[in-house]
Amino acid sequence: MVQLAPAPAMDEITFRSNTVLSDVHLYTPNHRHLMVRLNGVGQPVFLSQFKLLWSRDSQTELGAESGDHSDVHAQGTPPGSGCTDEGSSLSPGAGTTSREGAGAQLDEDGDLDVERRPRATSDPDPAEPPRDKVHPVVLAQEEDDGPGDEARDGSALGVIRIEHTMATPLEDVGKQVWRGALLLADYILFRRDLFQGRTVLELGAGTGLASVVAATVARTVYCTDVGVDLLSMCQRNITLNSHLAAPGGGTVKVKELDWLKDDLCTDPEVPFSWSEEDVSDLYAHTTVLFAAEVFYDDDLTDALFKTLSRLAHRFQNACTAILAVEKRLNFTLRHLDVTCEAYDHFRASLQALQRLPDSRLRFVVEPVEASFPQLLLYERIRQLELWKIVAEPVT
């Protein structure tokens, strides 16, 4: 009789050679991570909160591009980690340990214990608030298909709740939250005039965080990606945050959009397929496309730019695309050096799009300075970039 090795506990994250973990989820407290549930393919699913530093009364101060472009943080809050414990406080000192006057920290073997994120001091009036850590935590070991009581009574209007996985294979990185999506969300809230009352399309939406934010201002958001399990997670996140939708609008439709296919799937038997009405609405009214952190594979980058060009030619209106990317440096055996091949290919694709010979449209590409206010808590590192592509008719 063969004795099988015990399976790892459900709340243990197992790292393998092909495991990828987002920086947003990396800096967690040193305790076991509890989960909300297992998804359809057996991966642990976590629920995190992302605090929005705005109120509906103050939103009108944002959105005019001629406004203040200084690199400031809303309500004086510095950039830090992106999400918090469900129900925990974001106030200074919450969940932190005093280190004031402490000497060098040593582990049990006598080695120097270096902390990856600073903790708060015991100073009751610090010069600036401390960074908060990422705290994915379980709410309940049961299904939760809608917003809770606090969401329904309006007390959660400043919180985005996102289900996500951690430590996934490369093909499942869309199930995690990435810093580029938070940067894109900040830009959407800043450029409300670009999204207000419009029909917009997110490509490679992943967890749907950017689409949730877009729905606070847009009329209709088409939130697209591929894979039934990923789209199901995305749909759950849309439902969890339905209370944030723009009054009188804010409709989010989760759909499959495969960059490797020329046409949209309209087969009603296929989950997340398109109705003829949705296809007609997409082509007739879309004016903005956006995507975040989808430029990690050269073939997929090529497919996205082809999809972007194809859609721009089918739209009845001129359109603008906003792309968020993080320039990641990696050591490669091929070069025996630190390179950023995926980013370099992305930049080359931007240049190729701009030089594309076309009798109908021309694509104008320009960088977006990341000096707009920060309304979500994350580390806005200099490697985070936004690019704007405007598809204009050739005259």
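# Sheet, helices and cores in a predicted model

In strand β7, valine 221 is the bridge partner of valine 200. The model is predicted: local features need pLDDT of at least 70, side-chain atom pairs count only at pLDDT 80 or more, and totals for chains, interfaces and linings use all residues. Residues are numbered from 1 along each chain as its sequence is written, and side-chain values use heavy atoms, with hydrogens and water left out.

**The sheet**

- Strands (E, at least two residues) and helices (H or I, at least four) are DSSP runs, numbered from the N terminus.
- Strands β6 (residues 199–202) and β7 (residues 220–225) run parallel and are joined by four bridges; two strands pair if DSSP finds at least two bridges between them.
- Seven strands form an open sheet with mixed pairing, in the order β8-β7-β6-β9-β10-β14-β13.
- β8 (251–256) and β13 (361–368) are at the edges with a single partner strand each, so one side of each has no neighbour in the sheet.
- From one strand to the next, the twist averages 20°.

**Threonine 224**

- Threonine 224 lies in strand β7.
- Its relative accessible area is 0%, and buried means under 20%, exposed over 50% and partly exposed in between (1.4 Å probe, protein chains only).
- Among the residues that threonine 224 touches are Leu201, Gly204, Lys255 and Trp274, not counting residues up to four places away in sequence; contact means heavy atoms within 4.5 Å.

**Helix α9**

- Helix α9 (residues 341–354) packs on the sheet and touches β10, β13 and β14.
- Its direction makes about 15° with that of β14; axes are lines fitted to C-alpha atoms, for helices over the stretch in contact, and angles run from 0 to 180 degrees between N-to-C directions.
- The buried residues of α9 are Tyr343, Phe346, Ser349, Leu350 and Leu353.
- Seen down the helix axis, these buried residues fall within an arc of 115°, so they line one face of α9; the arc is that of the directions from the axis to the C-beta atoms.
- The cover over them includes α8 (298–314), β10, β13 and β14.

**Nonpolar cores**

- A nonpolar core is a set of buried Ala, Val, Leu, Ile, Met, Phe, Trp, Tyr and Cys residues joined through side-chain atoms within 4.5 Å.
- The largest one has 49 residues, and Phe50, Leu184, Phe290 and Leu386 have the most contacts inside it.
- Helix α3 (residues 179–190) gives the largest share of this core, nine residues.
- A second, separate core of 36 residues includes Leu203, Val294, Ala312 and Leu361.
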